[in-house]
Amino acid sequence: MSRAFANFAAASVALALVAGCTPKVQLEAPKEPIVINMNIKIEHEVRVRVDKDLDDLISEDKDIF
């Protein structure tokens, strides 16, 4: 065997071993449904009501401030 062939064979074996160790990536759908929290809308409604009440109070008695 020639030296070049031995180097080529060793490189081929090393490449085959490295290629066999590559990680496998899999994508799966979640088993449970996705839950969306809607608390933001409820807090927003509360703030709008408070702001409206304050506007009504200020418009009734302008000498407050």
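Predicted model: local features only at pLDDT ≥ 70, side-chain atom pairs only at ≥ 80, totals over all residues.
Residues are numbered from 1 along each chain as its sequence is written, and side-chain values use heavy atoms, without hydrogens and water.

The protein chain has 2 helices and 0 strands; these are DSSP runs (helices H or I, at least four residues; strands E, at least two), numbered from the N terminus.

How many of the 65 residues count as buried? The share is 0%, with buried meaning under 20% relative accessible area, exposed over 50%, and partly exposed in between (1.4 Å probe, protein chains only).

Now look at helix H2, residues 39-60, where you will find valine 50. Valine 50 has a relative accessible area of 43%, so this residue is partly exposed.

Aspartate 53 also has its place in helix H2.

Finally, the accessible surface of the protein chain is about 6,900 Å², and 63% of that belongs to carbon and sulfur atoms (Shrake-Rupley method, 1.4 Å probe; for residues, only the protein chains shown count as cover).
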